[in-house]
Amino acid sequence: MLRCSALEKTVDTAEGPLNILKGITLEIKAGDTVAITGASGSGKSTLLGLLAGLDLPSSGRIWLADQEITAMNEDQRADLRMRHVGFVFQSFQLLGSLTALENVMLPLELSGRSDAKEAAERYLDRVGLGPRLTHYPNQLSGGEQQRVAIARAFANSPSVLFADEPTGNLDTRTGARIIDTLFELNRETGTTLVLVTHEQRLAERCRYGLELVDGLLQPAQPDEAPC
Amino acid sequence: MLSLRLLARDWAAGELRLLTTALALAVAIVVGISAFTEQLKSALVSESNRFIAADRVLMAPNPAPEDWLQGAEAYGLRRGETARFASMLVAGDRMQLTGVKAVSPSYPLRGRLEISDTAGGPSRTVDHGPATGEIWLEARMLPLLSVNVGDRVEIGESRLRVGAILVKEPDRGDAFFSIAPHALMALADLPATRIIQPGSRVRYNYLFAGPEKGLAAYHDWLKKRLTPDYRWLNLRDTQPRVASALDRADRFLLLASTLGVALAGIAIAISARRYSERHYDAMAVMKCLGGREGRLFGLYLQQLLFIGLLGFALGAALGWAVQWGLSILLESYVGDRLPVPGWRPLAMGGLTAAVCLAAFALPPLLALRTIPPLRVFRRDLGNERRRAWPAIAVGLVSLTLLMWYHSRNLQLTLSLVLGACVTLAAGGFLVLQLLRWTRRRTANAGGALRLAMASLQRHPLRNALQVVMFALAIMLLLILIFVRTSLLKDWQRQLPPGTPNHFLVNILPEQIADVRAWLGEQRIAETDFYPMVRGRLTEINGTSIEERMKREQRHNEVQDRALNLTWSGDLPADNSIRDGSWWKAGTQTSPPEVSVETHLAGELDIRLGDRLTFQIGPETLESRVTSLRKVDWDNMRPNFYMIFPPTVLDEYAHTFITSLYLPPERKTVLNAFVQRFPTITVVEMDAIIAQVRGVVRQVTQAIELVLWLIIGCALLVLLAGVQASIDVRIGENALLRALGAQRRLITGSLWLEFSTIGLAAGVIAAFAAELAVWYFQERVMEMSYAPHPWTWLLGPLLGAVLVGGTGYLSCRHIVRVPPMRLLQAT
């Protein structure tokens, strides 16, 4: 479903070029759940962005759903994202001027689905926000906002779901509930899940664990072994 | 449609109101003002109703050939005819020298006559002159001839019935050098009177009315046939004061619309930029969700198009309402219904909307295209400083073109734009330096002041830009206020209360003492008595005027008519020497000196030292130009093109002229005067003065209304500017409150911060406005410039209060909403 080889990413900084990723090779099969852990600033989000086709590597190749995204232009990558990719972000990334329902409808509308409203209502109902359809993000709690984001991520039936610290902004209890929802939906839909987190509890729920250390991926320590 | 749904959601969130309002105001100003200036032009035409009873008049000393007149019909013109002459009216043993006007049945082509049946009784309006066999007399003639309506009077060999009392006639203002009192009769009755004989002094006026194009084409056709005896008149020739008042109003309104569009353009640019910046995140998220760059940008373009249509519709409606209001003002004065303006103002509004959106709103939106989807992880992506120059250059060029298009004056536009650029760049630099300087000075200041200064210094470039933007808005507003004030002052100065409203002409030298004594008895103050000799300017430096003008392929009315020459030892009041020098008392030169009015000198290319030859009666007089003199033609005193030193014209036949002020209630005194001095001509200017005052009053109201529209635009710029910086301020101040800052401290610091920005903007604006107004008044409005000391108070005060107030009002919810909610929102 998702693979990359010899992936490198270098960025220019005031102190000179900084090599964030130093040749990463990886393969994730359809339906797998993978947690990528690592210290702050280790490049987890950079890797996630590259795998999801939001950015291009300095070198190396990436395939998503059997298509090489490193050979595509931005529009082709956008099409691929629309058909195959869902996102859940640490900071929710909901549009403030849209209601919960409208936020979930957005990817469906962008892909031209005529049943956008019904589908969005179904997913919001599924995450327990049926009574909150017309609320704006600033009228919702952090946990509720993240549930809207999860509903939006699954609404387009993606093959791969990328989640970047999905519980990072939430308290433990709310975080736990969000994790439950995420994995329940993942099971129901058979989506491949790639999670970036520094939370042990969350990483443990995934089948595989990988740790990003000094720009390279290595299997997570045995006590953090895949569940 | 997704774009419409997104637009509706943004609209509901209030994101687009400012942008749409700014656009609507730009369109409203353009539509309203251009429709109104079109109507002003119609009013100018209908003004001629009152003064020449037609749109154009051909003045002739002899009857014009019939084929000339019939030619007019081919151009779709209506025509009429009047003949004016002086004649003795007789009733029983009473006789009265009367100025008679014989009129054709189609007279008047424009305007209406007002008549009554009894002196001082109720009057009614009619749109035709007397029927054949009738004569209409001015009220004061009835006691002079001892007749009433219905009685008969003799004129030449005819006896006509007094049909009505003539109260008002549209071309009465054209009564210069006509003899009062006045009577009106049918042209058809004229031959029977046998008054007109070869050599009789009669002035024939051929009246024409119709569409402007037809008039121009007919004039082109006729021009080739006219001999120098004929004069082709329009309102500008007959009523330069009214024409000049309307012209100036027109120019003022064009300036106002130019500045209004500039202000609205700035507001559009600021609010579009803010709109774009607030959509960076949305763009990144939508790209993340699989939206293609082109498609997403298309969504925003569609929104822009929709905003354009909405803004245009709102603006056109508002503009039409403004135009309607203004035209009601004008109609109440003009009396006739003004034609509904055509589609042109709407087209201009549409063009303005399109250019404003393309030039000011599109560049910030273009920035949205390049927002990378990775911004969802790194919010700093897409925030890096973009090269602003291309957008600024596009905006500036478009603004210049728009202003040029609206002002129709490239010189004015370039000077305004260049002046604004230079002053504002200098102003921006100064503000930056000032902020650096105050950084050290305010470090120890207390509370709100330190907070305000810290906030200003935290974003020096952004704040300097804001100061410059506000300065621009205040400057444009000040310019308009200055020009309006001096325009009104100039008008008031032209015709102050007590302006002479009657001329006494043809006073013989030996009558001066008697006239002076008589006026003294009646306690009527007169201006000086000026001698007057009629003479034609025939040669300049030995070359005949005709030859000289033919060489330059020009024509001047001086070629066609005699000038009034005068002499004076002192430079008359309201005259000023522009070149050369006034003569010293008692000096006599050969050839004698002459002082020439500057405008005429320019027309005929007369320079200092030139030799001028005059034909006075059968004799010629040669003179040398020793001074060029500017004359205030609006002062209603006797004014002259040519002035000689005393004694030069002594030997030529001369009469005197004077002017005096007569309040309306004392008008009947004229009867006694005319009886006492029957040979002296009384020229009544009071009707004209009243008309000019009327025009000025109505146009002043129009100007005030337009000024409010422009103030609205300037406030919009302030609001847009404040809102553009509000997001940052909300975050910072919410944090301060969370850290325990009291509401008063936050409110005080917001006031201080915005007032300081406004104060700085006001100082820059005052300086820039003073410069621009100096240029504008001297070069464009042809008015004299005087500095405005109060600007230096008004500018900064206006800036501090307006920007402070707008800033405070826009930000006050920061201190009302719990900080938690604000922090969540940012």
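Strand β12(B) and strand β22 of chain B, the latter covering residues 681-684, pair in the antiparallel sense over four bridges, where two strands pair if DSSP finds at least two bridges between them, and where helices (H or I, at least four residues) and strands (E, at least two) are DSSP runs numbered from the N terminus. Within this pairing, B:Val505 has B:Thr681 of β22(B) as its bridge partner. Strand β12 of chain B, residues 502-507, also pairs in the antiparallel sense over four bridges with strand β21 of chain B, residues 655-660, and there the bridge partner of B:Leu504 is B:Thr658.

The model is a predicted one, in which local features need pLDDT of at least 70 and side-chain atom pairs count only at pLDDT 80 or more, whereas totals for chains, interfaces and linings use all residues. Residues are numbered from 1 along each chain as its sequence is written, while chains are lettered from A and ligands numbered from 1 in the order in which they are written.

Strand β4 of chain B, residues 113-116, has B:Leu113 and B:Ile115 on a covered face and B:Glu114 and B:Ser116 on an uncovered one. β4(B) pairs in the antiparallel sense with strand β5 of chain B, residues 123-126, over four bridges, and with strand β8 of chain B, residues 158-168, over three bridges. B:Ile115 has B:Arg124 of β5(B) as its bridge partner, and B:Ser116 has B:Ile165 of β8(B).

| Feature | Value | Loop of chain B |
|---|---|---|
| Cis peptide bond, B:Tyr107 and B:Pro108 | omega about -5° | B:Pro108: between β3 (94-103) and β4 |
| Cis peptide bond, B:Ser590 and B:Pro591 | omega about -5° | B:Pro591: between β16 (575-580) and β17 (593-597) |
| Positive phi, B:Asp605 | phi about 55° | between α18 (598-604) and β18 (611-616) |

B:Arg194 is exposed, with 10 other C-beta atoms within 10 Å, and B:Asp605, with 12 C-beta neighbours inside 10 Å, also counts as exposed; a residue is buried if 20 or more other C-beta atoms lie within 10 Å of its own, exposed if 12 or fewer, and partly exposed in between, with C-beta atoms placed from the backbone.

Between the chains, 24 residues of chain A are in contact with 22 residues of chain B, contact meaning that the C-beta atoms of two residues, placed from the backbone, lie within 7 Å. On the side of chain A that touches chain B, the elements giving two or more residues are α1 (44-51), α2 (74-84) and α3 (100-110) of chain A, and the largest share, six residues, comes from α2(A).
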